[in-house]
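Take a look at the model below.

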Amino acid sequence: MNSFVTGRRLARELGEWRSAAPAYRALAERIRVLLLDGRLSSGAKLPAERELSQALDLSRTTVAAAYSKLRDDGFLESVRGSGSTLQLPGRIRGEHALHHGLALDFTKATAPAYPGIQNAFAAALEELPTYLGHDGFDLVGLPDLREAIAQNYRDRGLPTSPDQIMVTIGAQHGLNLITRTLYSPGERILVEQPTYPHALDTFAAVGARVIAFPVRQDGGWDLPEALLQIRRAAPTLAYLMPDFHNPTGMSMSIHEREYLAAAAAREGTVLVVDETTALLDIDRGPMPPMAAFSSNILTLGSLGKIAWGGLRVGWIRGSREILAQLLRNRPGVDLGTPLVEQLVAAKLIQDMPSMMASRSLDLRRGRDTAIKLLREQLPQWQVQVPDGGLCLWINTETVSSSALALAARSEGMGLVPGPRFGIDGAFERYLRLPFSYSDEQLHDGIAILGRISGEVGSDPLRMPLQAVI
Ligand SMILES: Cc1ncc(COP(=O)(O)O)c(C=O)c1O
């Protein structure tokens, strides 16, 4: 693409670009972020130095120095007579580049597809003709799939019938549907701090007033604070991840489950328990699902992490009454879960023990490799060894994770800085590092972190926060 960026447009895109750094560096840095974020495209022509200096009310020398820095770093090419063109340096454009031009994309805590996926699709296609007489709009889910999901809860010790299950287009869709159905303007929603960023996005989309209580790696769920918040603010919903919490990897004890379930039931707060990561056990062992402790709980499940993100099948487990409410509201959100994917999901769920065993092996390898490399290369960083899930939640103590994420981007590595997981800018010194990658990717990624961590200061950077899974 070869577009021309005017001085006024660039000034608008730059927003508040000044920082503690000298102006030319801050300007170059900000232009680089816009390019890496895709808001300015590779191939776009930047305004002439004079035009930009007028638009920003800056000296032309400063703009020239910023352009020169971008050129030195490989982000800009200037040809006399035809201006300056943005470009991504070779190592970012590299052959193995994934989405967003990043060779090493650690922004997603996901795992590759379970090897049985292709066979499950083949088996589903054979069954498809039986369903082609059906109109295809399915708002609750195929009976066989709902039964397979219910059976999975029974296997985990939680009596469940198929009419307590609604199949959704992933857990994120389930959360959206629950929020739009049960939340009314002005009410509050309680979350853990840190929490899953896209849950915060869902709550922000309905304008919810979000309140939080801490989950600490050294002390678990802060029960007194949670109780205080539930009593004082009477939140409509409380969103929790009791198993292999994303991002800390922690699990609630039985006492914590019982306590929070009882507190919420007493105050009439509906607990939304996200079990998207609950089946990613490495060496913890089974725990009772939180819904075993109260009927006032909606549980979100998904095949996204255990089988494959590309499947987009999840579910909600809840009381028949709440499911009926969700069903009435669903057509305003979507018109049902795709049928072929449901057939595939029904096959895969029957294969749950081998999916879990295969994930567990892979996650153990990734976790142990990442821990070993971090201890060798960044021994000053504090990291606890999780017994499941997909990520490490690292306390860097001194490093600004937003500055680290920006520096990593120039090396072709995507990272999500800590504040994306909190409210009010918390966790600036924390970093979520997924370990669900190959040993080679972990080696390369942690080598980059080792290299750049010394160059990065402790001041937070005001940068747009990225999508994260
Ligand atoms: C905690 C948590 N909840 C929900 C989701 C979204 O799940 P799904 O892909 O099923 O929509 C994710 C996926 O990244 C997640 O980590």
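How many residues surround the ligand, and which are the closest? Keep in mind that this is a predicted model. The shell holds 13 residues. Ala171, Asp274, Ser302, Lys305 and Arg312 are the closest. Sorted by class, the shell has 5 nonpolar, 5 polar and 3 charged residues.

Lys305 brings a side-chain N or O atom to 2.8 Å from an oxygen atom of the ligand. Asn246 also uses its side chain: one of its polar atoms lies 3.0 Å from a ligand oxygen. Gln172 works through its backbone instead, with an N or O atom 3.0 Å from an oxygen atom of the ligand. How much of the ligand does the protein cover? On its own, the ligand has 400 Å² of accessible area, and the protein covers 95% of that.

Next, find Gln217. This residue sits in the loop between β7 (209-216) and β8 (220-221). A polar atom of the Gln217 side chain lies 3.4 Å from the backbone oxygen of Thr248. Thr248 is also on the contact list of Gln217, along with Met250, Gln384 and Trp393. That list leaves out residues up to four places away in sequence.

Move on to strand β14, which spans residues 391-395 and includes Asn395. Is Asn395 buried or exposed? Buried means under 20% relative accessible area. Asn395 has a relative accessibility of 16%, so it counts as buried. Its side chain reaches the backbone nitrogen of Glu397 at 2.9 Å. With residues up to four places away in sequence set aside, Asn395 touches Trp381, Gln382, Arg429 and Tyr430.

Finish with helix α15, residues 401-410. How many of its residues are buried? The count is 10 of 10, and the helix is mostly covered. In an α-helix, residues three or four places apart point the same way, because there are 3.6 residues a turn. In α15, the buried residues include Leu404, Leu406 and Arg409. Ser401, Ser402 and Ser410 are buried as well. So are the alanines Ala403, Ala405, Ala407 and Ala408. Just after the helix comes Gly412, with a positive phi of about 80 degrees.

Conventions. Residues are numbered from 1 along each chain as its sequence is written. This is a predicted model: local features need pLDDT of at least 70, side-chain atom pairs count only at pLDDT 80 or more; totals for chains, interfaces and linings use all residues. Side-chain values use heavy atoms; hydrogens and water are left out. Helices (H or I, at least four residues) and strands (E, at least two) are DSSP runs, numbered from the N terminus. Buried means under 20% relative accessible area, exposed over 50%, partly exposed in between (1.4 Å probe, protein chains only). A polar contact is a pair of N or O atoms within 3.5 Å; within protein, one must be able to donate a hydrogen and the other to accept it, and residues adjacent in sequence count only if both atoms are side-chain atoms. Contact means heavy atoms within 4.5 Å. A residue is near a molecule or strand if one of its heavy atoms lies within 4 Å of it. Accessible areas come from the Shrake-Rupley method with a 1.4 Å probe; for residues, only the protein chains shown count as cover. Ala, Val, Leu, Ile, Met, Phe, Trp, Tyr, Cys and Pro count as nonpolar, Asp, Glu, Lys and Arg as charged, and the others, Gly among them, as polar.
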